[in-house]
Amino acid sequence: MSENEIHLYGTVGFSFWEEEYFTAASVRADLEGRSGPLTVRINSAGGLAHEGQAIYTMLVDYPDQVHVIVDGVAMSAASLIAMAGDRVTMRLGAWMLIHDPAQWYIEGRGTEDEHRNTADMLAVISRAYADIYAKKAQIGRDEAREIMRVETVLDGPDAVQQGFADDYDGDTSAATAARFDYRFYKNAPRALREASEDLGESRDRKAVMAMIAGAPRMTMEKTMPKPTNGGPGAGAPTPTTAAAVSPMTSPPAAAEPGAASAPSMDRAEILREERERARRINAAAQHAGIDMSVAQKLIDDGTELGSALDQISAAWAGAGDSDTPMHGRPTTRITADGRERFVEGARLALMHKARLTGGERNEFTSMTMAELARQSLEMSGFRGNIRDRREMVGRALTMSGMHSTSDFAHVLADVAHKAALVGWEEAAETYPLWTRAGTLTDFKPSKRVGLGLFGSLPEIPDGAEYTYGTADDRAESIALATYGKIFAITRQAIINDDLMVIGDTPRKMGRASRRTIGNLVYAVLTGNPAMADGKSLFHGDHNNLADSAAALSVASLGAARGAMRVQKESAKEDAATLNIAPRFLIVPAAQETLARQLMTSTVDPTSGKGQATNPVANMAEIVVDGRLDANSTTAWYLSADPNAFDTIEVAYLDGADEPYLEEKQGWTVDGVEMKVRIDAGVAPLDYRTFYKNPGA
């Protein structure tokens, strides 16, 4: 699983057959705190319509790019979730099913008005679904509604062809379809219907639809009166689960003549109470992360709400904690309120103590890091014996022997990451002024087309054909490389309450990350690399290298400016002139004073008379970098505007233009290791946008 990826496997919103499932709440918890491009992998046969719509909205609102990959199936509500992807990929053998939302169960007696209200509600949901499908496929709402009405099943190529997916990955086989009874989808592929036979006898279609509608089971205890003394059935036990009235089963037979009549009780009110009981029991079980079959049994048995919640709490305390998905358990994690409050509070407190923007004083500020470590153990439910502080801190950092992730380690990593970003922003770097940021999606060498292809457009006479541009020798190569370093947060540092490990150290590594990029950029100027034509960036044949070395002056700057303006789009005699204007004057520290005099003075500071006008005043913005002095204290450079011309590209993996931190349990150190890394590539895109004079 990649670093910014979530899996939506199983049923949407609930577990019907003790299968994996996920909810809008669990997805919200999993998205919290994430940033950067996100990959969402889907293998779901659908579920609750409103849950699917909520998850779709969360993904649409995610601030960065979302890539949805259908690993197995995306059916019903899951197909709607898939539409949230800025890019949707279908794997080989994956399926998508689009159909109308449905609800079999009608609250109340099932009168004409009640059916009409339900139909109106479904019409609203269907229109909302249709608008989403239509937006993705670039079709009208009516066309989308027709696709939904006929229950359309699409494989990868069909989904791409109809616009519901963007890519078909024919090289990667689909995952095994999520556990679900596909037999109640009338158009489900035969292979999926046959796979459903493992679930046993197919449930009644109405039963499944009732579950998807969220209808709870009701018991006879709620719907039928107890026999009165002396009446028929006196003394008989009250029927419970075995005789339950349920929308999944047939209603009970009519009472025999003479039987006690039901009290005049509002059946709709009984149903509302029962649905609320079922909802709260299910929510409590989901919150505790216990097997949902426990909640279903409590609902079926008619267990009173307070007693049910007590039993769920007992089951949670006895089960411990686990990150391993299991049947009947959400596949995304929901943390308890107290644990969430600790994580957030500890994070803000440590940020405040490390003097990071956004921190705050709270109830955790007065705690040492060792005390926070102990608190994290208590919040995670740890009940074991601890011999000393070293063992306690070690357990908090690694959760050794526990089926859980370390909240404490994550808090430290989050604060360290923010410190690294502060260092990245603080680093005084000049390269962003005159370079261009770019994006690469992998580490393979890529080509960038320069001005030789698109310097100007040729005339197309009436009736003539358009000609193709070719990259030929103007396609410059660029590739990514990884730069990074590891630092450790040790148990000794925690016990000593050494805030440097989460503040100053990662902050300095953040600065180092940015300096690394700056080193790569200025190495292009001083290293003079070969371009695609086999000649150096600065070369006499490129008309961007001074014939004779000259110090900064009105004359030398004027000559350099003129050389840039007359650069041609190609070596052909009739090639168009590009008229490139210099935007930046890049100099070593030794030349800064003279450069500023020349760029700001209205008179020529090098003129003996002192009254000659300065025609190069404000010609370019000055960029000074001391790294140039190590190579030459006299050489100076001109660069074009990177927004108008190709200069140097600084490319980042997937556009992530800042350092990334990740943590793992230390092996060579007694604690947690933090790795700072950045994936970047730097390359000149065109020689005509630069000029160099070796200086004198």
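Figure 1. Because Glu621 belongs to strand E15 (residues 621-624) and Arg583 to strand E14 (residues 582-587), the pair ties together parts that are 38 residues apart in sequence. Helices (H or I, at least four residues) and strands (E, at least two) are DSSP runs, numbered from the N terminus.

The model shown in these views is predicted: local features need pLDDT of at least 70, side-chain atom pairs count only at pLDDT 80 or more, and totals for chains, interfaces and linings use all residues. Residues are numbered from 1 along each chain as its sequence is written, and side-chain values use heavy atoms, with hydrogens and water left out.

**Figure 2. Arginine side chains over aromatic rings.** Arg583 also lies over the face of Phe584, 4.7 Å from the ring centre. In a further case, the charged end of Arg688 is placed over the ring of Tyr687, at 5.2 Å from its centre. A charge sits over a ring if NZ of Lys or CZ of Arg is within 6 Å of the ring centre and within 35 degrees of the ring normal.

**Figure 3. The aromatic pair Phe342 and Phe364.** Nine aromatic pairs are present in the structure; rings of Phe, Tyr and Trp (its six-membered ring) pair if their centres lie within 6.5 Å, and planes under 30 degrees apart count as stacked, over 60 as edge-to-face and the rest as tilted. The ring centres of Phe342 and Phe364 are 5.6 Å apart and their planes stand at 80°, so this pair is edge-to-face. Phe342 lies in helix H13 (residues 337-353) and Phe364 in the loop between H13 and helix H14 (369-379), so that distant parts of the chain, 22 residues apart, are linked. Phe342 is buried, at 1% relative accessible area, and Phe364 is buried at 7%.

Figure 4. Glu344 and Arg347 form a salt bridge in which the closest N and O atoms are 2.6 Å apart. These residues are three places apart in H13, which means that about one helical turn separates them. Glu344 is partly exposed at 34% relative accessibility, whereas Arg347 is buried at 15%.

Figure 5. Within H11 (residues 292-300), the buried residues are Met292, Ala295, Leu298, Ile299 and Asp300. Lys297, by contrast, is exposed at 53% relative accessibility. Its side chain meets that of Asp301 in a salt bridge (2.7 Å, N to O), and Asp301 is partly exposed at 32%. Gly302, which follows H11, has a positive phi near 70°.

**Figure 6. Helix H2.** H2 (residues 49-61) comprises 13 residues and spans 19 Å from its first C-alpha to its last, close to the 18 Å expected at 1.5 Å a residue; the expected span is 1.5 Å times one less than the number of residues. Among its buried residues are Ala49, Ile55, Tyr56 and Leu59.

Terms used:
Buried means under 20% relative accessible area, exposed over 50%, partly exposed in between (1.4 Å probe, protein chains only). A salt bridge is a side-chain nitrogen of Lys or Arg within 4 Å of a carboxyl oxygen of Asp or Glu.
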